[in-house]
Amino acid sequence: RGTSLREAAEAARAAPAPRGSARPQDLALDGLSVAVIDGPAAAAPILRVALDAVRTGPISPEERARAPGTGIATMLWDHEAYRALALRHVQTLRELGALSMLPWGLTSLAGAEIVGGELSTAESLVAEVASVIEATGSRFALYPAAQVAGWRGQEAAGEAIIDEVIDQALAQGQGMAVRLAQSARATLYNGLGRYDRALVVAQEANRDPPHWATHLTLHELVEAASRVGEGAVAARTVDRLAATAQASGTDWAVGIEARSRALL
């Protein structure tokens, strides 16, 4: 029987406390569990402690390679920490010679650059990931390529890239990569003014269960729903988005929330 997200969170919460001081990984797991069970407002203080531990705590390079902290930063809508930790993660992986893990680090950094609007930089990182994948035979799904394609807004080329990423992710069983590529297609369609098609793919991208970056894509669903007159769908989605944005309080979070409320 499959384990639900809530069941996994409850199992994590019930696990024995670590011996000695909690590691950043332990704090992050606590925060993720609380986010699933009690919501983002309850989880935010725990996740901030975990993020501070990752950024400033005494962590070995090997531990840093496995626990970069970028996921925690994105849950908190903290772009500055997201990009800084992604840069450090890539540097750590290069220093360790961890070639098999390098696509993970480069992909995370590409995501930070995409969010920051640095699409050309992101494209360079995507090209490097592709070369590492080819050299190592990695099965990593190159979902930042889909995200860049969505933002570039070139319909034929964008569709082809997104289709390729989704096919690759499905073949490898990488569900989160599929969702992110679907959201990239919603970005493409919203940018082209094809809101009815954007609504379909945005709903698919944001169906349950959520993943750790779901809240970063909800604005595409809000825009598509509001443009085609699905006010109830848009309002429910804004409520989901606001729960994480208000728990965070960063400029990025409150700006996206304000934009989304304006669309209602």
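Author: Helix α7 (residues 102–115) and helix α9 (residues 143–152) cross at roughly 15°, and their axes come within 9 Å. Here helices (H or I, at least four residues) are DSSP runs, numbered from the N terminus; axes are lines fitted to C-alpha atoms, for helices over the stretch in contact, and angles run from 0 to 180 degrees between N-to-C directions. α7 and α9 are therefore roughly parallel to each other, given that angles under 35 degrees count as roughly parallel, over 145 as roughly antiparallel, 65 to 115 as roughly perpendicular and the rest as oblique. The crossing of α7 and α9 is left-handed, a term used if the near helix is turned anticlockwise from the far one by less than a right angle, with right-handed used if clockwise. On the α7 side the contact is made by Thr107, Ala110 and Ile114, and on the α9 side by Tyr143, Pro144, Gln147, Val148 and Trp151, where contact means heavy atoms within 4.5 Å. By class, this contact of α7 with α9 holds 6 nonpolar and 2 polar residues and no charged ones; Ala, Val, Leu, Ile, Met, Phe, Trp, Tyr, Cys and Pro count as nonpolar, Asp, Glu, Lys and Arg as charged, and the others, Gly among them, as polar.

The model is predicted: local features need pLDDT of at least 70, side-chain atom pairs count only at pLDDT 80 or more, and totals for chains, interfaces and linings use all residues. Residues are numbered from 1 along each chain as its sequence is written, and side-chain values use heavy atoms, with hydrogens and water left out.

Helix α7 also packs against α6, at an angle of about 155° and with the axes 9 Å apart. α6 and α7 are therefore roughly antiparallel to each other, and α6 passes α7 in a left-handed crossing. From α6 the contact draws on His79, Tyr82, Arg83, Ala86, Leu87, His89, Val90, Leu93 and Arg94, and from α7 on Leu102, Trp104, Gly105, Leu106, Ser108, Leu109, Gly111, Ala112, Glu113 and Val115. The residues in the contact of α6 with α7 comprise 11 nonpolar, 5 polar and 3 charged.

Ser108, in helix α7, is buried with a relative accessible area of 9%; buried means under 20% relative accessible area, exposed over 50%, and partly exposed in between (1.4 Å probe, protein chains only). Apart from its neighbours within four places in sequence, Ser108 is in contact with Thr70, Tyr82 and Ala86.

Val90 belongs to helix α6 and is buried, its relative accessible area being 5%. Not counting residues up to four places away in sequence, Val90 touches Leu102, Gly105, Leu106 and Leu109. Thr92 likewise has its place in helix α6 and, at 3% relative accessibility, counts as buried. With residues up to four places away in sequence again left out, Thr92 touches Pro61, Arg64 and Ala65.

Trp77 is placed in the loop between α5 (70–75) and α6 (79–96). The phi of Trp77 is near 55°, a positive value in a residue other than glycine, and at 1% relative accessibility Trp77 counts as buried.

Another pair is formed by helix α2 (residues 24–38) and helix α3 (residues 40–56), whose axes come within 8 Å and cross at roughly 165°. That makes α2 roughly antiparallel to α3, and the crossing of α2 and α3 is left-handed. Their contact includes Leu27, Leu32 and Val34 of α2 and Ile46, Leu47 and Val49 of α3. The residues of the contact of α2 with α3 divide into 15 nonpolar, 1 polar and 2 charged. The C-alpha atom of Ala42 is separated by 31 Å from that of Val90, 48 residues apart along the chain.

Helix α11 (residues 175–191) has 14 of its 17 residues buried, so it is largely enclosed by the rest of the structure. The end C-alpha atoms of α11 are 25 Å apart, which agrees with the 24 Å that its 17 residues should span at 1.5 Å a residue; the expected span is 1.5 Å times one less than the number of residues. After α11 comes Gly193, with a positive phi near 75°.

Finally, Pro209 is found in the loop between α12 (195–205) and α13 (218–227), and a cis peptide bond, with omega about 0°, joins Asp208 and Pro209.

Methods:
Helices (H or I, at least four residues) and strands (E, at least two) are DSSP runs, numbered from the N terminus.
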